[in-house]
Amino acid sequence: MLRALPGGLPSRVPIRQTPKVPERVVHPLVDQLRFTRAEFRRGLRGVPATDAVRRLAPMNSIGWIVAHMAWHEQRYWLIRAQDLTLKPELLEIAAYGGPATTPPLARMLATWKAVTEAADPWLDRLTAADLLEDLGGPKPRPTVGNGLQRVIYHYWYHTGEILSIRQMLGHGRLAEYVGNIDDEAPYRPA
C-alpha cells in the first residue's frame, strides 16, 4: 500500500507494518549437531541386525556404538544439564570404559532416538552466553559449548568406525561423507 505525500501524490514508500517476530533460531552449533546426527544415521542405513551385533575386536559392535552415542548425549544434555536419567540401562551397556557389549541395533536406535528427542528442547533454548557456562556434573566440567563440540566430533569418530566395520564385513554402496552440509547445515555466525 502506498501512502500519499502532502499535496496528494503517492509515495513509493510502503506504509510501515508491524514487523514479524522472528522464529527462535537455534545456535549454529546445535544445527551442526543435528546435521552430524543425520550423517551418523546415514552411515547406519542398511545395516543387517546380525552384522550390528558382531564385534570385530578390538573395535566395538555397531549396536554398541549407537548405544554409546545415546549414553554420551544422555550424560551431557540430560544428566549433567537437567539432572535427568531417561535410559539408565545405557550406563551398563555403553558407558565409556565399560565392558564390551553387543546390544541389538533396533533397540539401541529406539533408545538413541528417545534420548536425542528428550535433549532437543534443552538444546533448542541455548544462547551464545549459555555455551560459555559450565555443563555441570563432576569435575572437570566442560563448558556447554565445549560439550557440544566434543559430542559432534565424537559422532564423526564413530561414524568412521561404523563405516570401517561395514567395509570389513563386506558391505557395499556405503554412504560418502560429508553429505550435503551446504544446504542442510551451512555456516552461519552465532
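**Pocket lining**

I looked up which helix gives most to the lining of the largest pocket in this predicted model. Helix α3 supplies the largest share, six residues. I noted two helices, α3 (62-82) and α6 (144-168), that each supply at least two residues of the lining. The pocket has a volume of about 280 Å³. I then listed what sits closest to its centre: of the 13 lining residues, these are H72, R75, Y76, R150 and H154.

**H68**

I stayed with α3 and checked H68, which is found in that helix. Is H68 buried or exposed? I read 3% relative accessibility for H68, and the cut-off for buried is under 20%. H68 therefore counts as buried. A polar atom of the H68 side chain lies 2.8 Å from the backbone oxygen of A94. I also took down its contacts, leaving out residues up to four places away in sequence. H68 touches A94, A95, Y96, H154 and H158. H154 was already in my notes as one of the residues closest to the pocket centre.

**L56**

I moved to the loop between α2 (49-52) and α3, where L56 has its place. Which residues does L56 contact, apart from neighbours within four places in sequence? I found I165, M168 and L169. I checked the first of these pairs by distance. L56 and I165 are 109 residues apart in sequence, yet their C-alpha atoms are 7.5 Å apart in space.

**Helix α6**

I ran along α6 from end to end. This helix has 25 residues and reaches 36 Å from its first C-alpha to its last. That is close to the 36 Å expected at 1.5 Å a residue. G170 follows α6, and I noted its positive phi, near 85°.

**Helix α1**

Just after α1, G46 takes a positive phi of about 85°. I then went through burial in this helix. The buried residues of α1 include P28, V30, L33, F35 and F40. R37, E39 and R42 are buried in α1 as well. Where do the buried residues of α1 pack? I traced them to α3, α5 (105-124), α6 and α7 (181-184). Two of these, α3 and α6, are the helices I had noted at the pocket lining.

Technical notes
Residues numbered from 1 in each chain as written. Predicted model: local features only at pLDDT ≥ 70, side-chain atom pairs only at ≥ 80, totals over all residues. Heavy atoms only, no water. 1 Å grid on protein atoms, 1.4 Å probe; cavity = no way out; pocket = protein on both sides within 12 Å on 5 of 7 lines; lining within 4 Å. Points joined across faces, edges and corners; volume = space filled by probe spheres on them. Helix = DSSP H or I, 4+ residues; strand = E, 2+ residues; numbered from the N terminus. Contact = heavy atoms within 4.5 Å. Buried < 20%, exposed > 50% of the residue type's maximum accessible area, 1.4 Å probe, protein only. Polar contact = N/O pair within 3.5 Å; in protein donor to acceptor, adjacent residues only side chain to side chain. Expected span 1.5 Å × (residues − 1).
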